[in-house]
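Q: I'm going through this one and want to talk about salt bridges and strand pairing. Can you put it up?

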Amino acid sequence: MTPAIELLKRERVAHTVHAYAHDRDSDSYGDEAAEKLGLDPARVFKTLLAATESRELLVAIVPVAGQLDLKALAEAAGCRRCDMAAVDAAQRATGYLVGGISPLGQKKRLRTFLDASARALPAIHVSAGRRGLEVELAPDELVRLTGSHVTRLGRAR
């Protein structure tokens, strides 16, 4: 059981865990999850970490159907610019491996931003904290548990 699932159980949040056989050769974990679980990529959200110019780490949750707009994230976070965080920094701060980083149950509480498209959906899928493991939950519950700021972050690929 991952820290993300433990948090959901402890908080008594309605959720469903979905597992699939992760392919080590896959280079897009979110696309792989959507494909293997037969889900619309607009309902599957990837958890990305970015760093501000002052090296603050931020969590951005965006649909796998698109990509993160770093300028929009910087504006939402009130900083000049953001870049993708280094893999080792992301893993150290969250306690998860890249490809399995969940927005839930992270080691450090980081400022979190959720793409506004999530609010139009009854449920979304995010990583449950391990490659090959997704959790389905209501967007409002994700916002509550992570303290997410909801804003436009994604753009079409």
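**Charged pairs and strands**

Q: Start with R152. Buried or exposed?
A: R152 counts as exposed, at 56% relative accessibility. The cut-offs are under 20% relative accessible area for buried, over 50% for exposed and partly exposed in between, with a 1.4 Å probe and protein chains only.

Q: What kind of model is this?
A: The model is predicted, with local features needing pLDDT of at least 70 and side-chain atom pairs pLDDT 80 or more, while totals for chains, interfaces and linings use all residues. Numbering runs from 1 along each chain as its sequence is written, and side-chain values use heavy atoms, without hydrogens or water.

Q: OK. What does R152 form a salt bridge with?
A: D115, with 4.0 Å between the closest N and O atoms. R152 is in the loop between β9 (149-151) and β10 (154-156), while D115 is in strand β6, and the pair, 37 residues apart, links distant parts of the chain. A salt bridge here is a side-chain nitrogen of Lys or Arg within 4 Å of a carboxyl oxygen of Asp or Glu. The elements are DSSP runs numbered from the N terminus: helices are H or I with at least four residues, strands E with at least two.

Q: And D115, buried or exposed?
A: D115 is buried, with a relative accessible area of 4%. R152, its partner in the salt bridge, is exposed.

Q: How many salt bridges does the structure hold?
A: It holds 10. Some share partners, and E11, E141 and R144 are joined into one network that way.

Q: What about R111?
A: R111 forms a salt bridge with E56, and their closest N and O atoms are 2.9 Å apart. This pair also links distant parts of the chain, 55 residues apart, with E56 in the loop between β2 and β3 and R111 in strand β6. E56 is partly exposed at 30% relative accessibility, and R111 is partly exposed at 31%.

Q: Which helix holds E32 and K36?
A: Helix α2 holds both, with 4 residues, about one turn of the helix, from one to the other. E32 and K36 form a salt bridge, with the closest N and O atoms 3.4 Å apart.

Q: How accessible are those two?
A: E32 counts as buried at 6% relative accessibility. K36 is partly exposed, and its relative accessible area is 41%.

Q: Switching to strands. Why is β3 largely enclosed?
A: Because 7 of the 7 residues of strand β3 (residues 57-63) are buried, the strand is largely enclosed by the rest of the structure.

Q: How does β2 pair with β3, parallel or antiparallel?
A: They pair in the antiparallel sense, over 7 bridges. Strands count as paired if DSSP finds at least two bridges between them.
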